[in-house]
Amino acid sequence: MSDTIRFDVEGMTCASCAVRIERVLGKQDGVETAVVNFAGQEARATVTDSADIEALQAAVAKIGYDIEEIDPDNDNRSITERYDAEARYQLRNVVGAGILTAVVMVLAMIGPDTDWNPWVQFVLTTIVVFGFGWQFHRAAWKQITSLSPAMDTLISVGTLAAWGYSTFVLLSGSGEGFIFFESAAMIVTLILLGRFFEARAKGEATNAIAKLAELGAKQARVVRQGTEVMVDPLELAPGDVVVVLPGEKIPADGIVHSGRSGVDESMLTGESRPVTKEPGSSAFGATVNQLGRLEIEVEHVGPNSALNQIVRLVEDAQATKAPVQRLADQISGVFVPVVIGIALIVLIGWMAAEGDAAIAVRNAVSVLIIACPCALGLATPTAIMVGSGRGASLGVLFKNAEVFERSRDLDTVIFDKTGTLTRGAMTLAAVHAEGDEDDLLRRVAAIESGSEHPIARAVVLGAEERDLTFATATDVTAIEGRGVIGTLDGNTVVIGASALFTDRGWRVSPSVAEAFDEIASQGNTTFLVGWDGATRGVISVADTIRETSREAIEQLHHDGLTTGMLTGDSHFVAAAIAAEVGVDTVVSEVMPAEKAEAISQMQVEGSVVAFVGDGINDAPALTVADVGMAVGSGTEVAIEAGDIVLMSGDPMASVTAVRLARRTFATIRQNLFWAFAYNTAAIPLAALGFLNPMIAAAAMALSSVSVVTNSLRLRRFDA
Amino acid sequence: MTTVTLSVPDISCGHCKASIEGAVAPLEGVESAEVTIDAKTVDVSFNESVVDLDAIVTAIDDQGYEVAR
């Protein structure tokens with residue numbers, strides 16, 4: 001008897017940490033399998049009764065991570081709630097540190113010149129730097145011992161230098177009484193503020209997997225010992241025969257045993273045209289049966305089903321997606337050794353020049369103090385906040401902060417065809433009539449008006465859009481795969497393939513046949529229409545291209561991006577649409593798994609790829625792409641899987657998204673420049689012994705103001 | 001004193017370096033252990049009569065890293 005236990009995992013910094021935890025858990029007594037998902041910060045283990053949760057926790061703790069069992073009743077708690085908890089934690093830090101820092105600032109700047117003044121500053125600052133600021137020192141230690149300095153190292157060094165030096169001055173009474181407590185406190189507070197902004201802006205991480213899991217049929221109608229019984233689809237076994245009534249979801253993958261019907265497979269393939277299923281056809285779980293009754297012999301249940309393969313693809317893509325190293329950390333990584341180097345040079349220089357250890361040390365420490373840019377913590381978060389806000393007002397939702405850093409090297413944008421570049425629904429394309437077009441359309445609409453078939457609805461809609469009134473035909477019969485016949489005002493009207501006409505001896509006129517060939521060659525679904533013994537015209541429906549698709553592609557080209565289109569459609573139709581829209585590359589006749597692979601392939605070849613899609617079948621590709629853009633009018637699963645949500649269905653929104661993401665990243669880079677600029681300019685002053693608290697405060701204020709103002713400029717972005 | 005270079009393909013970040021070095025270096029008989037992140041290798045110098053290679057590999061394995069032989 002095995003159970004599955006889920007754990008929250010804390011402390012993972014990269015995907016390989018997940019692999020370590022998997023291995024360690026897998027080796028423990030009672031654990032059959034263990035899977036760790038880095039992106040979801042979660043571990044899942046199947047265990048037998050002999051597993052000891054505490055032993056598992058201890059084993060994982062030994063390699064440096066914490067796991068907490070997730071209470072199954074509580075597990076609807078999404079990642080959003082976890083990030084909310086982090087945001088609240090940071091807010092408490094900011095408020096606490098902020099209040100104390102404000103007091104210190106007041107005392108330092110305009111406070112009374114009394115004996116106790118600096119001591120109060122000392123106490124308060126100690127609380128701020130070591131209490132609220134502890135997270136930096138702890139992280140800095142990890143970074144230093146692994147020789148990979150990042151932002152935390154810089155902050156820790158800077159604040160400790162400022163605090164340490166000031167404490168020394170206070171206790172020993174030397175150093176002209178220059179104390180820098182307010183610098184230390186300010187740095188901590190501002191960085192904490194930045195952390196709070198970041199935690200608050202962290203969008204929902206991918207919850208796509210949970211959504212995908214909800215898609216399956218909830219019940220299956222199984223024939224057991226001659227009677228129909230309702231069971232949970234997961235309890236089906238290969239060989240069971242399930243009955244699927246019109247309108248129901250197919251509960252599992254299998255082969256059609258008997259019956260004939262059209263099935264909407266759009267959620268798997270993205271194509272809106274129903275697929276005909278007859279004995280021998282393969283049918284897939286979670287797809288929707290339309291008008292006929294089907295009996296299906298089950299082949300795959302659960303893990304092996306087509307739907308689960310999509311889940312697996314998304315999981316794999318999530319697990320292997322490398323987190324982008326933040327620009328701020330990259331810069332800090334270089335800056336820290338340089339600053340320490342300069343401090344050492346200053347130390348040695350002054351020793352050699354003056355021989356006075358006190359001065360040498362003081363100046364070296366001054367370098368460390370001034371080098372720490374307090375606006376560093378604000379540089380990235382403020383740009384992201386303003387950029388996201390601007391995006392929201394333009395209909396582009398940025399779901400996470402990494403997307404800005406990822407967009408910096410973007411060079412390719414790939415679109416899913418159906419629902420993204422095209423409307424996704426059939427619409428009336430061409431009408432050709434020997435006689436009056438409206439008359440033809442009226443007759444066709446009359447015949448099709450009773451049908452729910454997408455093609456019928458397209459025709460009816462087309463007629464309504466032309467303000468045509470039409471009657472309802474009688475005796476309408478659908479001839480599967482061929483067309484439809486009905487009676488209108490006593491006349492028989494035939495719509496469909498030429499065989500329907502020749503079979504009843506009707507004449508197929510050469511001009512109509514020619515029109516048919518021409519229209520069909522454009523890649524649309526085309527039908528002959530006729531009455532009174534002969535063909536009278538041609539009608540076709542197509543998945544029409546959105547009005548702005550062409551321009552969107554042009555604009556992307558203008559920005560120097562390569563464009564492409566992925567679709568499950570036939571080569572023929574895909575090529576026609578690709579030519580119309582102007583994309584550089586086309587990949588057609590792809591299954592959902594292959595879409596993700598196509599994107600991977602491009603990445604292997606060195607491209608940084610954005611993918612725009614809307615359907616469930618797009619989820620893997622959206623996750624694999626460097627930047628996944630989900631079209632807002634698409635499925636919930638796609639929206640969860642994407643990094644950006646384009647609220648309108650308009651392809652032009654992708655242009656706006658790319659431009660805004662790039663501009664926001666540029667702003668981050670500019671902010672980082674301003675954050676460092678004033679402080680770095682002051683380094684020579686510190687080196688030469690001229691640093692005083694006024695200069696430090698000035699650098700802090702100027703850099704903070706510059707960063708915030710620069711970020712606010714993003715408000716005026718217009719695509 | 002023997003020096004061995006082990007290949008550990010899962011090494012990816014500074015974190016990993018700290019964990020592995022922290023697990024191997026304290027072993028009795030091990031003089032030094034150094035991880036090169038880019039090459040994904042661990043260089044270990046140890047006294048063969050006090051500790052053997054298996055114990056070192058086990059220490060790395062216990063941390064969750066597979067040692068390629």
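Colleague: What percentage of the 719 residues in chain A is made up of buried residues?
Modeller: This is a predicted model, so the value describes computed coordinates. A residue counts as buried when its relative accessible area is under 20%. Among the 719 residues of chain A, the buried share is 52%.

Colleague: How many helices and strands does the secondary structure of chain A come to, and what share of its contacts between residues at least 6 apart in sequence joins residues at least 24 apart?
Modeller: The secondary structure of chain A comes to 26 helices and 26 strands. For contacts between residues at least 6 apart in sequence, the share joining residues at least 24 apart is 69%.

Colleague: Is Ser654(A) buried or exposed?
Modeller: Ser654(A) is placed in helix α25 (residues 652-687) of chain A. Beyond its neighbours within four places in sequence, its contacts are Phe415(A), Leu556(A), Val612(A), Met629(A) and Leu646(A). Its relative accessibility is 0%, and therefore Ser654(A) counts as buried.

Colleague: What area do chain A and chain B bury between them?
Modeller: The size of an interface is often given as the accessible area lost when the parts come together. Here 15 residues of chain A are in contact with 15 residues of chain B. Carbon and sulfur atoms account for 46% of the buried area, which is about 1200 Å².

Colleague: Which helix gives the most to the side of chain A that touches chain B?
Modeller: Across this interface the rule finds three salt bridges, together with four residue pairs in polar contact. The leading element on the side of chain A contributes seven residues; this is helix α1 (residues 15-27) of chain A.

Colleague: Why does the pair of Lys27(A) and Asp61(B) join two chains?
Modeller: The closest N and O atoms of Lys27(A) and Asp61(B) are 2.9 Å apart, and the two residues form a salt bridge. Lys27(A) is partly exposed at 42% relative accessible area, as is Asp61(B) at 25%. The pair joins two chains because Lys27(A) lies in helix α1 of chain A and Asp61(B) in helix α2 (residues 53-62) of chain B.

Colleague: Which residues do salt bridges that share partners join into one network?
Modeller: Arg221(A), which is buried at 16% relative accessible area, forms a salt bridge with Glu228(A) at 3.8 Å between the closest N and O atoms. Another salt bridge, at 3.0 Å from N to O, links Glu295(A) and Arg293(A). Through shared partners, the network comprises Arg221(A), Glu228(A), Glu248(A), Arg293(A) and Glu295(A).

Terms used: Residues are numbered from 1 along each chain as its sequence is written. Chains are lettered from A and ligands numbered from 1 in the order in which they are written. This is a predicted model: local features need pLDDT of at least 70, side-chain atom pairs count only at pLDDT 80 or more; totals for chains, interfaces and linings use all residues. Side-chain values use heavy atoms; hydrogens and water are left out. Contact means heavy atoms within 4.5 Å. Buried area is the accessible area (1.4 Å probe) that two parts lose on being put together, summed over both. A salt bridge is a side-chain nitrogen of Lys or Arg within 4 Å of a carboxyl oxygen of Asp or Glu. A polar contact is a pair of N or O atoms within 3.5 Å; within protein, one must be able to donate a hydrogen and the other to accept it, and residues adjacent in sequence count only if both atoms are side-chain atoms. Helices (H or I, at least four residues) and strands (E, at least two) are DSSP runs, numbered from the N terminus. Buried means under 20% relative accessible area, exposed over 50%, partly exposed in between (1.4 Å probe, protein chains only).
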